[in-house]
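Here is my friendly note for your first look at this model. Keep the structure open beside you and find each residue as we go.

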Amino acid sequence: MSAPATRRLTTAQALVRFLAAQYTERDGVRHRLIAGTWGIFGHGNVAGLGQALVEYREAMPYHQGRNEQAMVHAAVGHARHLNRLSAQAVTTSIGPGATNLVTGAALATINRLPVLLLPGDYFASHAADPLLQQLEHPVEADVSVNDALRPVSRYFDRITRPEALLTSALNAVRVLSDPAETGAVTLALPQDVQAQAYDWPEEFFADRVWRVRRPAPDPAELAEAVRAIRAAARPLIVAGGGVHHSEAEPALQALVDATGIPVASTQAGKGALRHDHPADLGGIGHTGTAVSDALARTADLVIGVGTRYSDFTTASGTLFQHPGGRFLNLNITAFDAHKLAAATLVCDARSGLAALTDALAGHRVDAAYETEYRTGRARWEEAVEGAFRADDDSAVPTQTQVLGALDTVVGDEDVVINAAGSLPGDLHKLWRARSPRQYHLEYGYSCMGYEIPAALGVQQAAPDTPVWALVGDGTYLMNPTEIVTAVQENLPVKLVLVQNHGYASIGGLSESVGAERFGTDYRHRVADGSFTGAPLPVDLAANAASLGMDVLRAKTVRELREALSTARAATRPTCVYVETAPPGTALPAEAWWDVPVAEVSAREAATQARAAYERAVADRRRHL
């Protein structure tokens with residue numbers, strides 16, 4: 001018998017060749033699992049993975065980033081837009097390059113989105129010890145800064161010998177492609193091991209297809225769910241991001257059309273129904289619509305589909321107030337399905353929704369209930385029109401009028417990206433999602449600085465799609481560097497840069513909890529520590545232009561509409577800069593959010609805020 005065929009490569013070369021041969025497949029459609037690799041090269045990865053990516057650059061596309069955290073955000077945006085069927089890898093140097101991955105990894109794992117992290121690491125042989133950028137631990141010599149990635153990764157391994165990659169690489173890809181397990185995956189790569197050669201089995205590099213399962217619901221769980229829905233007088237569906245990841249939007253609509261059950265959506269689930277569907281009630285929770293939150297308070301059965309029930313969704317446990325209210329959760333992950341003491345359907349969202357539709361044949365909610373929520377929906381639409389409307393086109397726009405202007409410009413295929421500040425609340429309440437992937441809000445981690453790099457990842461996933469990054473001045477200053485990458489890669493993202501001279505969202509929260517907007521303005525500080533009324537002389541539009549963007553300045557509502565239309569047609573990275581007029585947000589929150597207030601204070605603002613807090617927290621329920 002002849003010896004098995006082998007190929008002599010370095011560990012880094014073998015990893016790149018292996019990743020280039022991995023595919024996912026769902027419903028007969030195949031996707032490349034690792035579509036490309038983002039990288040910033042330095043000490044610890046330039047001679048290993050850097051050399052391997054040069055050697056196999058035809059097999060593995062490479063993208064040059066400017067900030068390690070931003071590269072992860074770009075990869076996450078790419079994976080989300082492609083419904084987790086394709087991902088990207090990110091490689092960094094040892095030390096600060098590696099630790100800069102932690103925030104992005106946390107964001108990916110919290111949002112259940114796949115990204116492969118490949119940080120450099122110290123010498124496995126300890127030949128050079130300590131080496132540049134190495135953290136020395138006095139009692140655990142095998143600890144490195146990469147261990148900070150363990151709690152934010154769904155799978156972690158340090159490859160201390162070349163042959164260890166054979167099993168670890170397969171495990172990494174298994175987690176990346178599993179909808180119930182996915183998140184950030186970290187393979188820490190000691191720099192000496194990256195460069196070591198090994199005789200790799202030829203079959204390691206063969207094309208491998210990872211089938212993304214659509215598990216069906218358990219018959220007993222399905223029967224119980226059907227009984228619960230048939231018995232409910234006021235059922236409400238809460239659509240989460242799992243609807244999108246499963247591509248279950250048509251199945252959701254089929255269920256709703258058949259039964260008349262209304263749908264409210266989380267930040268991740270918005271767009272699960274098109275905005276003009278008569279059963280779409282818009283966002284739910286602290287940033288939800290009046291009609292969604294009113295129905296949530298009286299719902300006797302809440303049907304969660306692909307949601308993890310964050311505190312914004314549940315209004316910190318104060319939203320769902322029906323005395324006999326119960327929960328039914330359809331989720332591919334048992335961990336999420338069991339939340340709020342729910343009856344469970346642990347299955348794929350599309351499979352589960354289709355099964356429910358078939359089993360509920362002939363069942364429909366009472367006509368009076370449909371009339372109620374449709375009437376509430378119409379009232380809310382009037383509120384949206386009022387927030388968007390600008391009676392004077394020559395006036396400085398408010399933030400909600402910026403959204404109204406954008407609403408008139410975008411097409412069904414456009415993607416709108418946001419993550420932090422006051423914009424998520426306005427978008428969740430007001431935005432009219434026209435297609436399943438138009439509304440792209442990262443609100444699991446609400447990470448400032450996500451928007452611009454995520455727009456790059458989405459633009460790579462959908463090259464012919466207009467992609468908008470909506471960015472406030474605070475989040476812009478956190479992470480504008482990938483503008484340079486957009487210019488380098490000729491990615492025609494559109495940046496809407498909203499200048500309101502400070503942290504509008506946290507400033508409003510600060511005022512409501514008795515912290516008096518301290519430290520939330522971008523204004524000159526004077527001797528007593530307070531701020532003057534004069535904004536800082538900072539020109540963010542000039543900054544964006546200096547990084548290579550075309551910049552359009554809009555001072556009025558009319559100029560804003562014109563600039564947005566020009567930007568949408570642009571074929572290179574373009575920024576629309578607008579300074580907004582107060583108020584920062586037009587519509588108040590419809591539900592509470594728990595931010596504990598100082599129990600004692602000598603300041604009147606904090607004392608009053610505490611009294612309001614105690615009134616609100618009294619409504620919290622433990623759903624058991």
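1. Let us begin with a term. A residue is buried if its relative accessible area is under 20%, exposed if that area is over 50%, and partly exposed in between, using a 1.4 Å probe and protein chains only. By this rule Y309 is buried, and F327 is too.

2. Some housekeeping comes next. The model is predicted, so local features need pLDDT of at least 70 and side-chain atom pairs count only at pLDDT 80 or more, while totals for chains, interfaces and linings use all residues. Residues are numbered from 1 along each chain as its sequence is written, and side-chain values use heavy atoms, with hydrogens and water left out.

3. Now for the rings. A pair of aromatic rings is described by the distance of the centres and the angle of the planes. Rings of Phe, Tyr and Trp (its six-membered ring) pair if their centres lie within 6.5 Å; planes under 30 degrees apart count as stacked, over 60 as edge-to-face and the rest as tilted. Searching the whole structure gives eleven aromatic pairs.

4. Which kind of pair do F320 and F327 form? Their ring centres are 5.3 Å apart and their planes lie at 90°, so this pair is edge-to-face. F320 counts as buried because its relative accessibility is 3%, and F327 counts as buried at 4%. Elsewhere, F18, Y198, W200, F204 and F205 make up one aromatic cluster.

5. Take a look at strand β15 as well. Five of its five residues are buried. In a regular strand the side chains alternate between the two faces of the sheet. Both faces of β15 are covered: L301, I303 and V305 are buried on one side, and V302 and G304 on the other.

6. What does β15 pair with? Two strands pair if DSSP finds at least two bridges between them. Strand β12 (residues 235-239) pairs with β15 in the parallel sense over five bridges, and A239 has V305 as its bridge partner in β15. β15 and β16 also run parallel, joined by five bridges; there, L301 has R326 as its bridge partner in β16.

7. Finally, visit T266, in the loop between β13 (263-265) and β14 (280-283). Is T266 buried or exposed? With 6% relative accessibility, T266 counts as buried. Leaving out residues up to four places away in sequence, T266 touches V238, A239, G240, G241, I284, T307, T313 and H428, where contact means heavy atoms within 4.5 Å. A polar atom of the T266 side chain lies 3.0 Å from the backbone nitrogen of G269.

Key
Helix = DSSP H or I, 4+ residues; strand = E, 2+ residues; numbered from the N terminus. Polar contact = N/O pair within 3.5 Å; in protein donor to acceptor, adjacent residues only side chain to side chain.
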